[in-house]
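Subject: Structure for you to look over

Dear colleague,

Please find the structure below, followed by notes on what turned up when I went through it. I would be grateful if you read the two side by side.

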Amino acid sequence: MTEEEQNKSVDPYASLKDNVGQILHNVIDPEIGLDIMTMGLVYNVDFEEDENTILVVMTLTTRGCPFGPMITQNVSDLLQDEYPDKDIHIHMVWEPKWSVDMINDEGKAQLGMI
Amino acid sequence: MIPFGTQKAPGPAVVLPYYGTAAVSFLILTVLLLLSAGHFTGHFFQPHILAITHLATLGWGTMLIFGASHQLLPVVMEVHLYSEKLAKICYWLLLPGVILLVFSFWFFWVGWTMQVGGLLVLLATILYAINAYRTAKQNKKWNLPAECMVTAAWWLVITALLGTLLVFNLRYRFFPAGDIFYLKVHAHLGIAGWFLLLIMGVGGKLIPMFLLSHKEPGIFVKVSYYGINIALLGFLIMAFVFNTLAYWPVFALIGAVSVLSYIVFVRKAYKEAARKKTELPMTITLVAIGLMILPITLLLVLALLPKGNPEVVPLSLAYGISVFGGFITAIILGQTYKTLPFIIFMHRYKKLIGKMKTPLPKDLYKHHWVKYQFISYIVGIILTIVGVILQEELLIILGSIGLVLTAVFYNMNVFFTLTHKPKEENKDDGRRTKQKRGSVRIVEG
């Protein structure tokens with residue numbers, strides 16, 4: 001059994017979540033120039049079957065980020081385009097507080113941090 | 001939980017006219033500076049210098065800051081701008097007010113043109129302060145940057161009120177002391193109360209954000225905020241209750257400590273920054289913060305000079321130029337590229353992100369023009385200040401040419417950004433044609 005198949009047996013929505021993750025790679029933080037997945041701004045993606053809802057738990061680099069409303073709007077637009085029948089629930093959280101350590105290595109390299 | 005995503009920046013028609021007008025004012029003021037180079041080897045209380053100073057403070061600095069803060073205050077406070085209408089009226093009062101004032105000072109018409117100009121500017125500042133206060137008041141949790149911005153707005157009203165009274169005093173003579181006495185109070189209310197506090201407030205939020213540093217404004221900005229306010233209140237009481245300015249060095253010292261405290265904050269933010277490789281607009285901003293040391297140094301030298309020393313006049317002029325032409329202009333020259341492209345990007349691309357490859361805000365201006373602007377600015381401001389201190393007209397002329405070039409590159413970039421349009425319109429890639437039955441909910445908590 002491959003790793004992907006194992007994941008699916010544990011979580012039946014693993015491929016859906018993967019796809020959501022891929023879609024969110026298209027949402028760019030315009031100030032930094034990196035996408036929100038690379039930035040580590042998305043903390044969790046989940047699917048609530050009963051409510052037919054995609055739940056995205058995310059944060060911003062700083063509270064009151066000027067691009068915040070635009071970023072969340074982009075997240076909801078892209079997910080709605082891909083899943084027009086599902087409800088999209090974006091939960092903006094401030095804990096844990098985002099830090100640069102949450103940027104993945106590829107992003108850190110692009111920012112000249114490593 | 002409170003709804004997120006409902007934050008609303010004002011429309012482009014509210015803020016962009018401020019940016020365009022400020023850029024043109026900057027160009028005109030540098031040309032006037034060049035034409036009046038000879039006047040800067042004399043006393044500062046003369047028509048051309050008054051005209052240039054008011055064009056610099058109102059047409060350039062205040063005009064641009066009004067535009068930026070109508071956009072930024074809602075962002076800092078996470079609320080809507082209280083009134084877009086007030087912001088638009090404010091522009092249409094400020095613009096003719098500045099034009100009337102500058103013309104009146106240049107030709108020294110002390111009659112109705114100067115008085116109407118003063119009143120229009122005063123009204124504009126009152127509307128701005130009301131809008132800033134009511135915007136910030138929507139959020140019960142005030143943070144330090146917002147506190148700085150709102151307090152600065154009220155200091156601006158007091159500055160404009162005193163300025164307007166001075167304009168009427170030129171005609172009707174009702175103040176007990178001479179013009180220079182009140183002019184010093186008027187100038188310092190504007191410099192410290194309006195520009196410094198506002199820059200500290202906005203910078204307290206934006207500098208760490210742009211540097212990807214999580215340094216909170218904290219104690220250092222708090223010291224700056226209270227220090228500046230205490231110094232200004234003390235200065236006002238000394239001038240209007242005790243009718244003297246004799247103890248100004250005490251308040252200058254408090255102001256100097258406040259500014260140094262702010263510089264320490266910026267230095268710490270930079271040290272903790274994840275983005276060490278700053279882009280040129282942020283480098284210019286950091287240079288601007290460093291330039292704050294120049295007027296402080298000149299002020300302390302002035303405090304040590306005996307009364308009547310011939311160096312007082314050129315050093316006072318150099319002090320004024322190092323404030324308005326120095327850190328205030330420098331910070332605007334840098335932060336324009338962090339705010340204007342963002343505003344244009346927000347309005348022109350917000351519906352296109354994710355549906356097409358969009359440029360980033362930093363792609364909406366020409367980076368090499370910023371570089372030329374920065375080089376000509378540094379050379380221009382150094383030559384001008386040195387020329388004024390040494391009373392060398394040739395150096396002032398050369399410095400002014402540098403500043404005219406700065407303004408030309410700045411204007412080219414500002415209008416390049418203002419006129420930017422997405423290459424193709426209506427980038428609907430087909431996904432929008434799907435009928436949406438699901439709902440969207442965005443919450444914060």
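Phe108(B) sits in the loop between α3 and α4 of chain B, where helices (H or I, at least four residues) and strands (E, at least two) are DSSP runs numbered from the N terminus. Although Phe108(B) is not a glycine, its phi is positive, at about 50°, and with a relative accessibility of 33% the residue counts as partly exposed; here buried means under 20% relative accessible area, exposed over 50%, and partly exposed in between, with a 1.4 Å probe and protein chains only. A positive phi, near 55°, is also found at Leu212(B), likewise a residue other than glycine, which lies in the loop between α6 and α7 (218-240) of chain B and is buried at 4% relative accessibility.

Before going further, please keep in mind that this is a predicted model, in which local features need pLDDT of at least 70 and side-chain atom pairs count only at pLDDT 80 or more, while totals for chains, interfaces and linings use all residues. Residues are numbered from 1 along each chain as its sequence is written, chains are lettered from A and ligands numbered from 1 in the order in which they are written, and side-chain values use heavy atoms, with hydrogens and water left out.

A further backbone feature concerns chain A: Glu95(A) and Pro96(A) are joined by a cis peptide bond with omega of about -5°, and Pro96(A) is placed in the loop between β5 and α4 (105-110) of chain A. The residue with that number in the other chain, Pro96(B), lies in helix α3 (residues 84-107) of chain B and is partly exposed, with a relative accessible area of 28%. Apart from neighbours within four places in sequence, Pro96(B) is in contact (heavy atoms within 4.5 Å) with Tyr91(B) and Leu120(B). The C-alpha atoms of Pro96(B) and His368(B) are 34 Å apart, for a separation of 272 residues along the chain.

Turning to charged pairs, a search of the whole structure gives four salt bridges over all chains, a salt bridge being a side-chain nitrogen of Lys or Arg within 4 Å of a carboxyl oxygen of Asp or Glu. One of them pairs Lys17(A) with Asp46(A), whose closest N and O atoms are 3.2 Å apart. This pair links distant parts of the chain, 29 residues apart, with Lys17(A) in helix α2 (residues 14-24) and Asp46(A) in strand β3 (residues 42-48) of chain A; Asp46(A) is partly exposed at 28% relative accessibility.

Lys338(B) forms a salt bridge with Glu31(A), with 2.9 Å between the closest N and O atoms. That pair crosses between chains, from helix α11 (residues 312-349) of chain B, which holds Lys338(B), to the loop between β1 (28-29) and β2 (34-35) of chain A, which holds Glu31(A). Both Lys338(B) and Glu31(A) are buried.

Within chain B, the side chains of Asp179(B) and Arg173(B) meet in a salt bridge at 3.0 Å, N to O; Asp179(B) is buried, with a relative accessible area of 12%, whereas Arg173(B) is partly exposed, at 48%. Salt bridges with shared partners also join Glu31(A), Glu279(B) and Lys338(B) into one network.

As for the interface as a whole, the contact takes 42 residues from chain A and 39 residues from chain B. About 3900 Å² is buried between the two chains, 57% of it given by carbon and sulfur atoms, where buried area is the accessible area (1.4 Å probe) that two parts lose on being put together, summed over both. Glu31(A), Pro66(A) and Asp81(A) supply 16% of the area that chain A buries against chain B, more than any other three residues. The count between chain A and chain B is one salt bridge. On the side of chain A that touches chain B, α3 (68-82) and β5 (87-92) each supply at least two residues, and α3(A) gives the most, with eleven residues.

Lys205(B), in helix α6 (residues 179-211) of chain B, is buried at 15% relative accessibility. Leaving aside neighbours within four places in sequence, its contacts are Thr62(A), Arg63(A), Gly64(A), Val76(B) and Pro145(B).

With kind regards
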